[in-house]
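Please look at the sequence and the model first, then read the notes below.

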Amino acid sequence: MKKQKFPHLLGSKWTARETTFGWRHFRVISRKNEGTLVFAELVSACDPSVRFWTSTKSLGDRDLWQPGWKTLKEQA
């Protein structure tokens, strides 16, 4: 059995460095594997109708995303 990449991805919280679809705080509600890539479905913490998929590679880019929910002051 292969070890799962990103085992703690589901339920994790993320802050977008820039406003994304009008919001900055998201949590992971689903994941999928596509070959060697792993994707996460994010939902806005403030508007559950805002959902989108992104790669875990994108989430690892600290210029785009920070783990956890951060205030604007904490991001500076």
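A residue counts as buried when its relative accessible area is under 20%, and as exposed when that area is over 50%. By this criterion Leu59, with a relative accessible area of 2%, is buried. The model is predicted, and the protein averages a pLDDT of 91.

**Confidence**
- Of the residues, 93% score at least 70 in pLDDT.
- Confidence is highest in strand β4 (residues 51-55), at a mean of 97, and lowest in helix α2 (residues 72-75), at 80.
- Where pLDDT is low, the predicted coordinates should not be read in detail.

**The sheet**
- An open sheet is formed by five strands, arranged in the order β4-β3-β2-β1-β5 with antiparallel pairing.
- Because β4 and β5 (65-67) each have a single partner strand, they stand at the edges, and one side of each has no neighbour in the sheet.
- From one strand to the next, the twist averages 35°.
- The antiparallel strands β1 and β2 are joined by four bridges.
- Opposite Trp14 stands Phe26, a residue of β2.

- In soluble globular proteins, nonpolar side chains tend to be buried together.
- The largest nonpolar core here has 12 residues, among them Leu9, Trp14, Phe26, Val50, Leu59 and Trp65.
- Two or more residues of this core come from each of β1 (13-20), β2 (23-34) and β3 (37-44).
- The largest share, three residues, is supplied by β3.

**Residues within the core**
- Trp14 belongs to this core, and beyond its neighbours within four places in sequence, it is in contact with residues including Arg24, Phe26, Leu42, Arg62, Pro67 and Trp69.
- Leu59, also a core residue, lies in helix α1 (residues 56-59).
- Not counting residues up to four places away in sequence, Leu59 touches Leu9, Trp14, Ala40, Leu42, Thr54 and Trp65.
- The C-alpha atoms of Leu59 and Glu34 are 16 Å apart in space, and the two residues are 25 residues apart in sequence.

**The segment before β1**
- Leu10 is located in the segment that precedes β1.
- Apart from its neighbours within four places in sequence, Leu10 is in contact with Val28, Ile29, Ser30 and Arg31.
- Between Leu10 and Val50 the separation is 40 residues in sequence and 17 Å in space, C-alpha to C-alpha.

Methods
Residues are numbered from 1 along each chain as its sequence is written. Side-chain values use heavy atoms; hydrogens and water are left out. pLDDT is the predictor's confidence in each residue, from 0 to 100. A nonpolar core is a set of buried Ala, Val, Leu, Ile, Met, Phe, Trp, Tyr and Cys residues joined through side-chain atoms within 4.5 Å. Buried means under 20% relative accessible area, exposed over 50%, partly exposed in between (1.4 Å probe, protein chains only). Contact means heavy atoms within 4.5 Å. Two strands pair if DSSP finds at least two bridges between them. Axes are lines fitted to C-alpha atoms, for helices over the stretch in contact, and angles run from 0 to 180 degrees between N-to-C directions.
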